[in-house]
Amino acid sequence: MTRTIAASDLSRPTDGLRGEAGWPVRLRGVTFGHAGHPDLLRGIDLTVTTGSFNFLTGRSGAGKSLLIGMMAGLVRPDAGQVVLFGQDRAQLRGREARVMRRRIGLIAQDDPLLAHLSVADSLAVTLRVTGEDPRGREADLAAMLDFVGLSDMADRTAGTLSRAERRLVALARAMMTGPELILADEPLAGLDAASAKRMLGLLRTLNRQGATVVMTRDGDGPGAEARKGDRRLHLEAGRLVEPERTR
Amino acid sequence: MRRPALLIGPDLWPEGGATRRLGLVVLTVMSLLTALTLLAHVGANRAAGDWARAVSHEATALIRPRADESGATAAARGAEALAGVRGVHEAVALERSEAEALLRPWLGEADLATLPLPQLVRLRLDPAEPASAVSLNRALAEAGVDGTVDDHSLWREDFSAAARGVRDLTLLAVLVAALLTATAIVLSARQAVENRAAALQALRLAGADDPALTFLAQWHLGRDAALAGAAGAGLALLAGLALALAPLTGTLGRVFPLILTDLVWLAPWPLVTATLAVVAARLSIRLWLGRQRAGG
């Protein structure tokens, strides 16, 4: 069964467990390493609460993308547990895993798009690969493109877009399944000031509408982008430290 | 429930350009070679069986006429004596022209009419219980015919071993060709997945799970292998048809005596290549996904 969404109705927390047990992300003792860097992540414990806006910072190579990948279920930790919406990610299989994936919108760093597809088809891909027929969802596609301000580019080939436009398409694509948790890996990297402001504004809008947002930022802190109430998480030497909330 | 129709559109699996076309050509050629060696084995198997049967079911008697009789008369007496032996189906005295025809391959354009040719009796033996050379010679002696039966049993085993050798060699050729084709399929599947890593990563980030990506790779690589397998088997079919429909037109037709129903052996080949490719695609994509899950 398809679920119709509209731009004004994005990312509302829907079904699933409420309260502590159903928090979007809980990491317990997550550890990860490889030959070149055996202690990349060391016993990470983290709870991301529903509706929060989280900045995950750290220097380049600190493991931010890795942690985002784990939250999305794309990377398996060496040890520890990744619990998404109250369910152990490692235990999810088949349909359950697909349903879980649809609750998560992922914008990867330098998010690759299939260069030969049009912008509209790029959005439809998310529906197709998660088992939903995009036919009959044209209104949703249009709403997403309108939301990110790319309505007039629906027929443009993805390979001809600028970096900022590609990033916006990736955001729109991530929103196609109406996710409750948005994971954005360096969404502002490489964007000019105006594009970065626009992207951040869209993420804020989604957060106001109820989506939980985790976004990474290279460096020691979120800088001027942080607002009162945002949560700051900092990765350093494989550990997660949490400075005081932004005041 | 998963809906494969949503995944199998060509747009989600980049075409691959020249690399894919080259892979298809290589796989087609490998399939052709494997199919040809298979037909050669089937033909050699039949030829070896025919030769072995002919050797064990036939014999020749050389008759020497007495001073007071003609060669033809002596041969007729010899044929009559041999026909009564148990284990002989038929004994026929050869006409001079037939004897000349037998010698022509050995003596070439020599003037055979001037040569004193031996009188020959051709014997067709009972396949189940062929008469022995001893009993045939005894029958000639008892009938007062001076003659000698060529004892095929002296070299029948060597001949059968040679026939088995030809059969085994062609079977070995089939196995080697099939192994090389399987290797080509596995390597090209692995290469195809690696060449499409960026697209696969894009789909993965868009929400495609492991079974979806596995299905996608299996579908496209399996289909390509089936096409190449069908093309190779089709070309071999044409060659097989030429041999089966005109078997006596050349040496190949005699060495590999194919009949039309032999060509049925080629029918499963596209299915075999497709199945191999599906398995290879599954393993290749699992390896790739394993690296991704491990943060590679």
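1. Let's begin with a term we need: helices here are DSSP runs of H or I with at least four residues, numbered from the N terminus. With that in hand, look at what comes after helix 6 of chain A: A:Gly210 follows this helix, and its phi is positive, near 120 degrees. Please keep in mind throughout that this is a predicted model.

2. Now the helix itself. Helix 6 of chain A runs over residues 193-208, which makes 16 residues. From its first C-alpha to its last it reaches 22 Å, close to the 22 Å expected at 1.5 Å a residue.

3. Which residues of helix 6 of chain A are buried? They are A:Met199, A:Leu202, A:Leu203, A:Leu206 and A:Asn207. These residues cover an arc of only 140 degrees around the axis, so they sit on the same side of helix 6 of chain A.

4. What covers the buried residues of helix 6 of chain A? The cover includes strand 3 (53-58), helix 5 (163-175), strand 7 (181-184) and strand 8 (212-218), which belong to chain A.

5. After helix 3 of chain A comes A:Gly131, whose phi is positive, near 90 degrees.

6. Two further residues deserve a look for their phi angles. As background, most residues other than glycine have a negative phi. A:Phe85 is not a glycine, yet its phi is positive, near 50 degrees. You can find A:Phe85 in the loop between strand 4 (79-84) and strand 5 (87-88) of chain A. A:Phe85 counts as buried because 22 other C-beta atoms lie within 10 Å, and the cut-off for buried is 20 or more.

7. The other one is A:Glu186, also a residue other than glycine with a positive phi, near 50 degrees. Its place is the loop between strand 7 and helix 6 of chain A. Is A:Glu186 buried or exposed? A:Glu186 is buried, since 21 other C-beta atoms lie within 10 Å.

8. On to chain B as a whole. Chain B has 9 helices and 4 strands, and along the sequence they follow the pattern α-β-α-β-α-β-α-β-α-α-α-α-α. Of its 296 residues, 37% count as buried. If you take the contacts in chain B between residues at least 6 apart in sequence, 83% of them join residues at least 24 apart.

9. The domain assignment divides chain B into domain 1 (4-52 + 158-293) and domain 2 (65-145). The C-alpha centres of domain 1 and domain 2 of chain B lie 53 Å apart.

10. Next, the place where the chains meet. The contact takes 22 residues from chain B and 27 residues from chain A. Helix 6 and helix 9 (269-293) of chain B each supply at least two residues of the side that touches chain A. Helix 6 of chain B gives the most to this side, with 7 residues. By class, the side of chain B that touches chain A has 12 nonpolar, 4 polar and 6 charged residues.

11. B:Ala208 is in the loop between helix 6 (197-205) and helix 7 (210-245) of chain B. B:Ala208 is buried, with 26 other C-beta atoms within 10 Å. Leaving out residues up to four places away in sequence, B:Ala208 touches A:Val129, B:Leu203 and B:Leu213. The C-alpha atoms of B:Ala208 and B:Leu7 are separated by 9.7 Å, although these residues are 201 residues apart along the chain.

Key: Residues numbered from 1 in each chain as written. Chains lettered and ligands numbered in written order. Predicted model: local features only at pLDDT ≥ 70, side-chain atom pairs only at ≥ 80, totals over all residues. Expected span 1.5 Å × (residues − 1). Buried ≥ 20, exposed ≤ 12 C-beta atoms within 10 Å, placed from the backbone. Arc of directions from axis to C-beta. Contact = placed C-beta atoms within 7 Å. Domains from an automatic or database assignment. Nonpolar A, V, L, I, M, F, W, Y, C, P; charged D, E, K, R; others polar.
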